[in-house]
Amino acid sequence: MTTEIQATIQALATIESLTNDIDTLAVLDRQVKDLTAKSKKIKDSIANQYGEGKHRGEKYGVSVTIANVKGSVDYEALCKQYGNTEEKLNEFRKESISRITVTSTI
């Protein structure tokens, strides 16, 4: 059984051995997804264990704020209700950066 430190060392070695940017991006993307999931789990655990406020660990601190998050907007229903079109909505949209999606084909 590998420890988390061993897994990290192996992952770094894998990245360093890759010479193709596409392969490197795919590996990094998987690692980001894994780390994001772990981070969310730990944040939820801290919020549930300590509640709102400022809390200290041995070296670092966190500030926990629990907010009521509202759902997303159903733009299609909203437009239908007020008679707006896609073209009208485009007048209010801001430009955004294109996203790169990497799909593993192993």
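Predicted model: local features only at pLDDT ≥ 70, side-chain atom pairs only at ≥ 80, totals over all residues.
How many residues sit between strand 1 and strand 2 in the hairpin they form? The answer is four.

**The hairpin**
- Strand 1 covers residues 53–56 and strand 2 covers residues 61–64.
- The two strands run antiparallel to each other, and four bridges pair them up.

**His55, on strand 1**
- His55 belongs to strand 1, and across from it in strand 2 stands Val62.
- With a relative accessible area of 17%, His55 is buried, because the cut-off for that label is under 20%.
- The His55 side chain also gets to the backbone oxygen of Gly51, at 2.9 Å.
- Setting aside neighbours within four places in sequence, His55 has contacts with Tyr50, Tyr60, Gly61, Val62 and Val64.
- So that list takes in Val62, the residue opposite His55, as well as Gly61.

**Gly61, on strand 2**
- Gly61 is part of strand 2.
- Is Gly61 buried or partly exposed? At 42% relative accessible area, Gly61 is partly exposed, whereas its contact partner His55 is buried.
- Once neighbours within four places in sequence are left out, Gly61 touches His55 and Arg56.

- Thr24 has a relative accessibility of 16%, so it counts as buried.
- Which residues does Thr24 contact, leaving aside neighbours within four places in sequence? They are Ile15 and Leu18.

- Val73 comes from the loop between strand 2 and helix 3, the helix being residues 75–82.
- Val73 is partly exposed, at 46% relative accessible area; it can join a patch because the cut-off there is over 30%.

Note on methods: Residues numbered from 1 in each chain as written. Heavy atoms only, no water. Buried < 20%, exposed > 50% of the residue type's maximum accessible area, 1.4 Å probe, protein only. Contact = heavy atoms within 4.5 Å. Pairing = 2+ DSSP bridges. Polar contact = N/O pair within 3.5 Å; in protein donor to acceptor, adjacent residues only side chain to side chain.
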